[in-house]
Amino acid sequence: MKIAVCVKEVPDPTAEKRIDPDTKRLVRSGENTLNRYDRHAIEEAVRLREGAAPGAEIAVVLVAPASASRTVDKALAQGGDRSVHLADDGLSGSDIVATSRALAAVLARDSYDLIVFGQQGSDAECYVMASAVAERLARPCVTQVAALALDGSSLKVKRQVETGYETLEVSLPAVISVSDAINEPRYPSLPAIMGAKRKPHEVLSLADVGLAAGDVGVDGSRTHVSALSKPPTRGDSVKLEDDGTAAEKILAFLVERKVVA
Amino acid sequence: MSYRPPLEDVRFLLGDVLDFDGRVTGLPGQAESTLDAVLDVLAEAGTFCANELAPLNLPGDGAGATLGPDGVSTPAGFREAWRTLVAGGWPGLTCDPEYGGSGLPHTTQVVFEEFLCATNLSFATYLTLRHGAYHALRLHGSAEQRDRLLPLLASGRVAGTMCLTEAHAGTDLGLIRTRADPDEAGGYRVSGTKVFITAGDHDLTENIVHLVLARLPGAPSGTKGISLLIVPKIAADGKRNGVTCTSLEHKMGIRASATCVLTFEDAWGELVGEPHGGMRAMFTMMNAARLSVGIHGLGLADGAYQRAVRYARVRLQGRALGGAARPDLEADPIIVHPDVRRALLRVRSQVEAGRALALWTAIELDVAHRHDDPVVRAAADDLVALMTPILKAGLTELGWEATSTALGVFGGAGYIRETGIEQYVRDARIAPIYEGTNGIQALDLVGRKLPEGAGRLLRRFFHPADAWLERQRGNPTLAEFVDPTTRAIDTLRATTLWLGERGASDREEAGAAATDYLRLFFLTASCYMWARMAAAALDPQATCTPAFREAKLASGRFYIARVLPEAGALAREITAGKASVMGFPEAAF
Ligand SMILES: Cc1cc2nc3c(=O)[nH]c(=O)nc-3n(C[C@H](O)[C@H](O)[C@H](O)COP(=O)(O)OP(=O)(O)OC[C@H]3O[C@@H](n4cnc5c(N)ncnc54)[C@H](O)[C@@H]3O)c2cc1C
């Protein structure tokens, strides 16, 4: 079985997010790291390899600047067997439309049985990359997977929705995105961290995946940020000092707002 | 996250200041220990400490280690955390690959220990004692003992202890009475009582290897008659050996670290190294162990600093003296007040210098262990030997001062248990005591390290420092750091000469000066590190960010202006001589 886990490099989530007023893009020049939601995706792939799909090969796939090599190593330390890294200056400024095109082009080079995404990126918080890539690859797609079981050539999944869970069966090859409730990613072991650098790293350019500069980057994007402004502050917040009656006050507040009856 | 591992500073120190790739990565067997690789490893270690160990710290202090019929239990969560560490191979971080370790340089262990101590010193003691046992056996065990025991210690499946102290024999180990009598099978039977044994019993591992100092029959008296033995908790036949934890101490701090009275009754043991060679064996592993205890102080100081800064940003009291800084709020955050800033900077500027000193020495330790040129090895070993007592005492005093200062930033809340900062103060007080009290470190410095080889060790510090300062002389942007450092080193040199002359003929004079002299050395060496850090931060090739560079230089300026001047007072105290110390009539105390 061949599994691809698509991962993203994001700005260190403990640092404050900043947007460059000139480019209107998120500033990515500080410490960057592996998107934490993707650790759940890698962990789930590793569990498949340890369980129902022994010998499965896990490729970590990403579209990111060449400087992302330490993020690649992090993903490999987490359990990937090899990496496929599309790094090309022409990619800068890509939106979801352009990035999904690039990712799909990378993924199409290989016959993956299962392509796994994390539920969202902790920077842009979009949630839609898995669906966009699945559409381009014409593969079935299930998002927000909270549990899965491999059954021959199909996957039984529990999908988290607002009203509860859906139980679905999807035949492979397929694309899924896993929720962050699906598992508790393990800490990478020390030998795995050290060994990550020795695993096969494939770095590709746009030309390698048959894309032209105009397909991606700003030219290949369909969204254009015209202006940015801060959301209006919510003026009506109330701060309670607990003098022993805070619980009653909170209850009264919620009743007044008809949140509870 | 309550603790942010200081990875950016570590990267700056190793990469921009101390030339880690040049000094360490080129050493035999270290080709994979590039700066990037080491930082990747440390980033994961830091995440583990912050996410898993920090939350166990305060509850562990409350529950403490407890003694039941089956021995000692560690507080809730410790076993799971230990299992995670073992599963990840972390106990073997710097252990040799031939024994299942990852073989990384000792410098990595020093940083890892800082993270451990900053988040949970009690937990750290179980890990570091095991590390000490590993190194003692690696250096002094027979090939058979090494093959049998080192893989177990490296993996963390087995823990270790150091059983030196007895009720009447602490600093003066020549007084110990524990006996080891040969049995018919070539082993020994050990009997006696050891006190204050850290990690003497616990539920983290399947077995514990006690390293015990004891006397063989007919041994000469004093330290020349002490042998080193291994006594396992569980004997080779799977049965309990004759060693029991008969009591746990109730302590000021590190309450989750089991401090045990260990009673040995006819316990089976085996000799390590030569008969009567125990003290020598202990000495050879002392540098690493003492550096490790120094790191207790450094870690706690930084952990306390981080908490104090967070509090100072959100606690609103009073108005800035120069006019309201946050007129939109009821009052200004206390970080605007000069006295609060002074407190934070005192801690911060000393922590940064302390970390630089620790990593500088750790790199030299790696060179001393691994370089293939014996001349280079010997030079590095000299510097490590000189710096060891200075770091042990200097950093642990810093831990005590810094945690107390950080507590002060919290006002009354600091004194309250739930705030979590008073635990740091209590935990910090042990490090100046164990692994040789700081008073003994000072005597080691003036009594052994200064005279050794007619000042050979001293020259390993002064010569490179002088040469480095000379090279910076023409650089006007660096003068604010280089000039005070040059003066401080001159003061240290003059005081050292005074001490050398007086102390050689009058040992009381050396004894009366020792503690102040060690502090003077620590302050001066810290200042030298500040000059090196400033130079690195100003170097256009530096990889640090502009914000980091600005903060680094500002912190260094505080050190030069507000901490270094203590050196002048210390020099005067020292050269005032022993008269006022020894002249006081003993009966009048
Ligand atoms: C929590 C804790 C954990 C410990 N863990 C261990 C352990 O794992 N293994 C172990 O073997 N021991 C351990 N110890 C013991 C520790 O190492 C000793 O307490 C320490 O070395 C001091 O010995 P002492 O208590 O006998 O003090 P003493 O030797 O009685 O010293 C009392 C005071 O006199 C000073 N002094 C003594 N001799 C001289 C001298 N010649 N010149 C000048 N000043 C002197 C000392 O500096 C000190 O201030 C631990 C102790 C504690 C409290």
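Which element gives the most to the shell around the ligand? In this predicted model, strand β5(B) does, with three residues. Local features need pLDDT of at least 70, side-chain atom pairs count only at pLDDT 80 or more, and totals for chains, interfaces and linings use all residues. Residues are numbered from 1 along each chain as its sequence is written, chains are lettered from A and ligands numbered from 1 in the order written, and side-chain values use heavy atoms, without hydrogens and water.

The shell holds 17 residues, each with a heavy atom within 4 Å of the ligand. Thr165(B), Thr171(B), Phe196(B), Thr198(B) and Thr437(B) come nearest. Nine shell residues are nonpolar, six polar and two charged. Polar contacts are pairs of N or O atoms within 3.5 Å. A ligand nitrogen lies 2.7 Å from a polar backbone atom of Met162(B). A ligand oxygen lies 2.9 Å from a polar backbone atom of Leu164(B). Thr198(B) places a polar side-chain atom 2.7 Å from a nitrogen of the ligand. The ligand alone exposes 970 Å², of which the protein buries 61% (Shrake-Rupley method, 1.4 Å probe).

In chain A, strand β8 (residues 114-118) is mostly covered, with five of its five residues buried (under 20% relative accessible area, 1.4 Å probe, protein chains only). Leu114(A), Val116(A) and Gly118(A) are on one side; Ile115(A) and Phe117(A) are on the other. Strands pair if DSSP finds at least two bridges between them. β8(A) runs parallel to β1(A) (residues 2-6), joined by four bridges. It also pairs in the parallel sense with β12(A) (residues 174-178), over five bridges. Val116(A) is the bridge partner of Val5(A) and stands opposite Ile176(A) in β12(A).

Note on methods:
A polar contact is a pair of N or O atoms within 3.5 Å; within protein, one must be able to donate a hydrogen and the other to accept it, and residues adjacent in sequence count only if both atoms are side-chain atoms. Helices (H or I, at least four residues) and strands (E, at least two) are DSSP runs, numbered from the N terminus. Ala, Val, Leu, Ile, Met, Phe, Trp, Tyr, Cys and Pro count as nonpolar, Asp, Glu, Lys and Arg as charged, and the others, Gly among them, as polar. Buried means under 20% relative accessible area, exposed over 50%, partly exposed in between (1.4 Å probe, protein chains only).
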